[in-house]
Every structure is written in C-alpha cells, then in structure tokens.
Amino acid sequence: MNGHLLSATFVELTDTMVADFDIIDFLHVLTSRSVELLNVSAAGLLLADPRGELRVVAASSEAARLLELFQLQSDQGPCLDCFRSGRPVAATDLSADPRWSQFAAAAGQAGFFAVQALPMRLRDQVIGALNLFRDTVGPFDTEVEHVGQALADVATISLLHDRSMRRTDTLNEQLQTALNSRVVIEQAKGKLAERLGIDVNQAFTLLRDQARNRNQRLSDLARAFVEGTQDMTGPVGGSAGTSRSRTRQPRTGPRPAP
C-alpha cells in the first residue's frame, strides 16, 4: 500500500472540515482513492437523504454507479444490509452467495464477483455505506477492510464535523445539496461525452479536472455547461482518459461563493 498516498488522502479528506466545501468532489475523492489505495476494481458510495432513504452520491466508475442504482431499485444488496445493521458486510463469491440473488447476477454482468461494504457511522448514527468491488473471487485482506473503514470513518467525521455548532439540519442540507448536484453532473457528463465522443467516465474526469483548474465548484461548472454559459472543448490539466484523481493543490485564491 502506498503510504505517501494514504497520508495525502487523509489530509485531503480532513482538509474539507470547513463550512464551505465541494461535497460532490469530496465524496469522489473517497471513492477514487479507495480504488487506488485498496487494490479493488471499483468503489461506490451511498448516503441517506433527509428522509433516511439511501441515494447514490459517488462512484469510481459508471459500472459501479449503475450497480449501486440497481441495488437500491431491487432493495437488496450488501450496502443496504451494511447501512441497516451499521456493521461491515462481505461476500467473497457473489455467484455462490444466496443472500442477494438479483444483485449477484447484476454484479456478475458488470464484472464484479466479490464485495466489501463498510458503514459510514459515528457512534450510533449511520449516514451511509462505502462499497468496495473486486473482479475476482476471494476474501478481502484484513488491511483492506481496516484501511477502508478508516477512510469511511474520516469521511463521516468530516461530514458531521462541528454539526453541534451549526443548525441541526446542516447535514441534511449538505446531503440534499449533494443529491441535487448529482443530477446536473450526470446531465453534464452525458452532454460532454456525446460532444467529445468519449465515455462517461472520461467525461467526469474532464469535468472534475477543469473545475479544479478554474477554481470552480464541480456542480457550478456542470450547471453552467448544461445551460450553455460555459464551454469545454478538451482536457485541461491532464488526460481525460484517466480515472485516477490527483492530490488537490492548495487554493491560492478565495473560495467561490456557493
């Protein structure tokens, strides 16, 4: 495991513990770094909305996002069980696991054959779950579970940080903002992918890279692109073909208004 990248990831996740941060970008840091650090094929993140219903808010790939959506639509899967119990849930061979037959079949079609779900929990409050997918069968290493849980814990604390000093509905507002932003980002991904002839994973990477280079919120850039007030014609600050995120550089100017 890359110790330097692990340290940088913890710094980046805790660096968001401020009143104004880009929650969508923050959640995608969690999923993309989980893939890089834990040697898994994909990662997905579900968070509870203000009514307590789980929603897909981040995924490291389009295949993982679609599988998470299927999990919610079929109301079965390891992430749901993890969220409801507040405990880790693992399946070392989904094809032989009788707990979630529909989910297992969909996962196999997507190329995933083992899963580890980790709760996003602080004491007795569970706000979501992090799913780690692998394209081979077999148990996950203990280190993978421990480090993955540590990443989920840090992200949870970041989301709940200083909540007692703010209005009691702060977290609900953050999660609702994330859900609303997710919609416009999906629209921007599709529009950009069609315009440039790239896949949606590349389109998201391009959106994220350009948002960081322009010092904009990801959701603001996506909305402006969908509405036609800002344009994008090609990669900025790196290739759109890579799904690996880079360490965020310190901001040199003021944060944009929400």
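**Close-up 1. E62 and K189 pair up between two helices.** In this predicted model, E62 makes a salt bridge with K189, and their closest N and O atoms sit 3.5 Å apart. The two partners come from distant parts of the chain, 127 residues apart: E62 belongs to helix α3 (residues 62-74), while K189 belongs to helix α7 (residues 170-196).

**Close-up 2. D49 meets R55.** Here the salt bridge brings the closest N and O atoms to 3.1 Å. R55, by contrast, is partly exposed, because its relative accessibility of 30% lies between the 20% and 50% cut-offs.

**Close-up 3. R99 reaches D97.** For this salt bridge, the closest N and O atoms are 2.7 Å apart. R99 has a relative accessible area of 43% and is partly exposed.

**Close-up 4. A network around D49 and R55.** Zoom out from the D49 and R55 pair and two further residues join in: D49, R51, E53 and R55 form one network through salt bridges that share partners. How many salt bridges does the structure hold? The count is 15, including the E62 and K189 pair and the R99 and D97 pair.

Notes
Residues are numbered from 1 along each chain as its sequence is written. This is a predicted model: local features need pLDDT of at least 70, side-chain atom pairs count only at pLDDT 80 or more; totals for chains, interfaces and linings use all residues. Side-chain values use heavy atoms; hydrogens and water are left out. A salt bridge is a side-chain nitrogen of Lys or Arg within 4 Å of a carboxyl oxygen of Asp or Glu. Buried means under 20% relative accessible area, exposed over 50%, partly exposed in between (1.4 Å probe, protein chains only). Helices (H or I, at least four residues) and strands (E, at least two) are DSSP runs, numbered from the N terminus.
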